Structure formats: C-alpha cells, structure tokens
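Colleague: I would like to learn how to read a model like this one. Please show me the structure and start with confidence.

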Amino acid sequence: MPAEAPFVRAQRGLPGVAAEPGSAKPDPILVADNVARHFGGITAVDVEHLEFQAHAITALIGPNGAGKTTLFNLLTGFDTADDGAWSLRERPLAGVPSYRVARLGMVRTFQLTKALSKLTAIDNMKLGATGQHGERFFDALLPARWKAQEREIERRADALLERFNLAHMRDEFAGTMSGGQRKLLEMARALMTEPEVIMLDEPMAGVNPALTQSLLGHIKALADDGLTVIFVEHDMDVVRDISDWVVVMAEGRVIAEGPHDAIGRNDAVIDAYLGSQHAALTTEDGA
Amino acid sequence: MDWNLVLRTSFEAAFGVDAVIYCLAAIGINLQFGYTGLLNFGQVGFMAVGAYSVGISVNYYHWPWWIGILIGLALSVVLALLLGVPTLRLRADYLAIVTIATGEIIRLIMRAAVLADFSGGSAGLPGDYRRPFFDLSPFDPTGEFPRNNLIGWLPRTLWLDWSGQDFWVMIVGWSLVGIVSFAMWQLIRSPWGRVLRAIREDEEAVRALGKNVYWYKMQSLMIGGGIGCLAGFMFAYAKGSVQPDNYSTAVTFFAYTALILGGTAKIKGPIVGAMILWFVIAFSNQVLRGAKAEGWISDNLMDGTQVGQVRFMIVGLGLMLLLIFRPQGIFGDKKELALDAR
C-alpha cells in the first residue's frame, strides 16, 4: 500500500532497544514529548517522552482509565493538549486539526465503531479516499471532472473489501452489518486514505472471539504491507501474538515499555493491573 | 357543495405560488437538514433577506432588479457565515437555537419604526419593486391562464386557471425548482454529496478520514440558505408587498412540514411535499366552507369565522397520522429509517 521505497519490517521485540519507559527507537516515526492533558484537577495524560518505531506493531495497553484513548485523541487532533509537542516524521503536529492529521498520513479508528449506517459499504469505503476532485463543490456539479477518478477509487475500494472479506456486503447499508464486520469496514476505510500510520482504538472491543483471530491476522497483514500500526487494548493476552512492542500506561504515564515477554514480568505493570498488595502476596507464596 | 370547484381550487393551490415558494424553501432545508443533518430553523430569515433585497434595492435605491437579486444572494451567504462561524463547531442544537432567533431578529429589525423610510417598517414595502419583474412577463396580468379554449377538452375538475401575474410567478418559480433540483441531484450523487451524507451520520468519522467537516457544513448552510433566498424573491414577487410579519417562524415550520411530508433526503421529497401540503390546506378549507354553507355543521360546533383555524387542526391531525403510520414520509425509505433504531 504506502511506502514506495522498500521498507524494513521491524523485528519482533525490537532487539537492541532498551525496555524502559521513553527508550529511543532506531527508526522512530511518531515522537511525543511532554504531552499533557488535564480534566479539571485530574491529569488524564502526562507522557514525558515516547517514540513509536516505524513498520512495527506497537500495542498501547493499560488498565481502564490509564489515558490510552486520551493520548490517541491528542496525537490525532481529536482533543487539545494542554502542553507538549509531537511529530510525525519530524513534522510537528501539535495544534494541527484532526482532518489535517489524517491527510498527513496518520489515520485512526474509534473504540465505538463509526461505520456510517445509512451509507452502503462501498460508499463508506469511497469516502475514505483523499484528494478527490469531486469533493469540491464546483467540480461536483460536472461529473466529467470526477468520474474517472471515482472509477479508480471504486476499484481500490473493491480490492480492499475483498481483502477484508466484506465483498458480499458491498451494496448493503453499513447499519445492517454485525459488530465485527463494522470493525473490519472501519479499518478498511481507514486504509483508503493511504496512511503511513494507522491507529486502532480497541479494535477487538465487542468482537466475538471467533472473529478476533481473523481481526488479529488482518492487523498483522497491515504491518507486513509496510504500515506502522499502533493500537490500544486493555487486555494483555490479546496483544501477545501480534505486538512487536508493548507500551504500558497507567494513570496517564508511560510506566513500562518492552517486548511482550518482558512486560509480563515487569513489577510496575503487575502493580498497575493487580495492585501492589497482590504482588507482595504472590511473592510470599513463592509463586 | 360543488365538488368540481373544491377539487379545482385545491389543484390550483397545489401548483400555485404558495406551493412554489414553500417548495423552494423546503429544498434548501432538505440540503441542510435532510442531507447534512443541520437544523436550520431560520430559513425564513434567508427568505426575508431575499425579499427585502429586491424590495429595498428597487424601491429605495432605484437600482435595476437584477442588482437586488445579486445583493440578496450575497447577503444570504453573509448570513450563513454569521450563523455558521460561531455554531458549526458546536453540537447541532446550537445552530437550531441561533437560527430560530436570527429569523425573528431580522423580522423585528425590518419592522422597526426608525427604519420606516428604508424598509417600510411594520407597514412593509409597497409593491413598486415588482414592476420590472412583471415587465418581463409575456402574460396579460389581468387575463386568466391557461385560457379555457386551450384546456377545454379536459374534465371540468382540471379547468385550472390563474391570473396572468400568478402564472408568470409560477413559470419562473417552477423553473427555478427544476434547475435547483437538477443541480441538487447532481451534487448529491457526487463525492461532495457523499461527504455531506457521511457528516449527517457521524462527523467525527468523516473528520478522521481527512475531510474538513466544518467547511462542508458551512457550504451546505450557504447553499441551502441561498435557495431559501430564491424562495424569498418569489415570495416578494408573488405578494403585493413585502410585509415583515409574513416572515415569522411559522413559515420555516411550514417548509419543514412540506419536506417531512414528502420525505427528507429525497430530491422529489420537498417538491411533492409542498404540492400535497397546499392541496390539503386548500381542500380542507373548501370542504369546511362548503359544508358550512350547506348547513351540515351547526354553529355550536363551528361558526363560519373558525374555518381557518379548524382547517389547520385537520391538517395537523393528518400530519400526525402520517408520522405515526409512515414516519419516513411519502418517498422516504423505511429500511433507512429502521437503521436508526439499531
């Protein structure tokens, strides 16, 4: 899909990268510094330094209320940060409106799936394409100005529907689809923008277990195609199979980073998920 | 009761000047509300801008008529910007509140006594501004159209005729409806229309796909308002004068009624809706008056002066029944409506 130049798929576990919060990556695509967001007296997000490796799947995990989605919203321009700077391939993004962030190559999906119910699946897909002539008012009045491009977009959309096993739903209203199909449609639609980075907010939420595996497969395939995938999840087990790197947040901060195996043994993470009292008990038991 | 007369009068109303005015107003609302999901409750404000623009530019400034038309369209874009800039970033309700108030503000300013020389105050603008419009008309204003020798072969129920003046307003008005509807049809099936329909469903999703939602909503408000301004031109030309109190909020709601009756987010919705609305209003009026004249309704139940109110009760009841049994309107798609409930 994107990446005209050949890319190097990041290796699992990012060998050579220190497993500590704020560690430097060899090829960072998205870098955040001192990003903070307060809601009244509550600090929702306070991230000192965080780098995301290009062409890797990074899982952003943490218990409920850790600030994962808020961080997503800040990075994609859906919420306004109180402080901080972040950049995509060294292009500063702080203060850039959300629709521009998407055009710059960083596209997101939502935890509560936003399939556009009264549009057909194919219309949902075609909406995703950027730089459409027919989306300008005066050009829209003259079909000759956009028909050719529309055919090209439709071809691309059909190919993606095929890939995400949605081709049979092509002309159905998105509102008639199942929860899992909507997740797939939203992901496929995001790909229509030809992004560099795709940010998935809880892609597995509300999806039945049978579909989870196929969804994970699709996410893996995105990275194999050269995309950088960042996704939010609160269940640690789900991310085991696919994440190259795991970032753990709690109470708005990044408390740990590392390959999945290292994260599972990290005391700070166990504390965050289960409480420090529990950790002490299990150690005494010799477990 | 002369049923031929009842039906003829009703058909005349269905194609008459009121139907064409409300049809244009409803087409504008259809773009804003039906396709984009914007609640513009101040369509009458755009109509007032159009009517007063042609009225004042001819009556007060003695400019050619087409300058008034251009000023009206330009001012309706300005009005859309004024309404949209502060509200379109906020939730949908805010636009509704601001537009309904703005419609009233425009009416109250135009009827202010201090502006009497300029806008005519509460007495309104006399109809001098209409002369250049009717100078263009090929029809004799006192004659009746179409002439009976042209339609004599039709059943008597369809011997519709209008004054030369009304007929000219209708010709121009329905032509505008045709042109505007064709342009809308073209726009809605274009990628531009797809973005609007998507905004109606979920604007955050559209923003996440790199579209400038705010600007699209603004375009929808401006174009819909411009169509409302066309309705205002026709309103000014059809009536003998521009009366400020003809531009009350009720006008907006009648236009919404026509739209919902025909079916929102359908090109022919507002057209058929406006025709049916005015047919039903004229029909119930004629039937009630006829029944009264025949003595079928006793004075205890309703006296002759109450016909006007009772007919709107009947129209309202009919609308309620329609919304209960056919909530999608006449042309709406029940399947689409059912998706909301999921």
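Modeller: pLDDT is the predictor's confidence in each residue, from 0 to 100. Chain B averages a pLDDT of 91, and 99% of the residues score at least 70. Where pLDDT is low, the predicted coordinates should not be read in detail. This is a predicted model, in which local features need pLDDT of at least 70 and side-chain atom pairs count only at pLDDT 80 or more, while totals for chains, interfaces and linings use all residues. Residues are numbered from 1 along each chain as its sequence is written, and chains are lettered from A and ligands numbered from 1 in the order in which they are written.

Colleague: Which ipTM and pTM does the model score?

Modeller: The ipTM is 0.89 and the pTM is 0.91.

Colleague: Which strands does β1(A) pair with, and in what direction do they run?

Modeller: Strands (E, at least two residues) and helices (H or I, at least four) are DSSP runs, numbered from the N terminus. Two strands pair if DSSP finds at least two bridges between them. Strand β1 (residues 28-39) of chain A runs antiparallel to strand β2 (residues 42-53) of chain A, with ten bridges joining them. For example, His38(A) has Thr43(A) as its bridge partner in β2(A). The two strands form a hairpin with two residues between them, and Gly40(A) in the turn has a positive phi of about 60°. β1(A) is also joined by five bridges to strand β4 (residues 83-88) of chain A, again antiparallel. There, Asp33(A) has Ala85(A) as its bridge partner.

Colleague: How many residues does each chain bring to the contact between chain A and chain B?

Modeller: Residues are in contact if their C-beta atoms, placed from the backbone, lie within 7 Å. Chain A gives 29 residues and chain B gives 26. On the chain A side, α2 (98-103), β6 (106-108), α3 (121-128) and α4 (137-140) each supply at least two residues.

Colleague: At what angle do α10(B) and α12(B) cross?

Modeller: Axes are lines fitted to C-alpha atoms, for helices over the stretch in contact, and angles run from 0 to 180 degrees between N-to-C directions. Helix α10 (residues 191-201) of chain B and helix α12 (residues 213-238) of chain B have axes that come within 10 Å and cross at roughly 105°. Angles under 35 degrees count as roughly parallel, over 145 as roughly antiparallel, 65 to 115 as roughly perpendicular and the rest as oblique. α10(B) and α12(B) are therefore roughly perpendicular to each other. Residues making the contact include Leu196(B) of α10(B) and Tyr216(B) of α12(B).

Definitions and conventions: Two residues are in contact if their C-beta atoms, placed from the backbone, lie within 7 Å.
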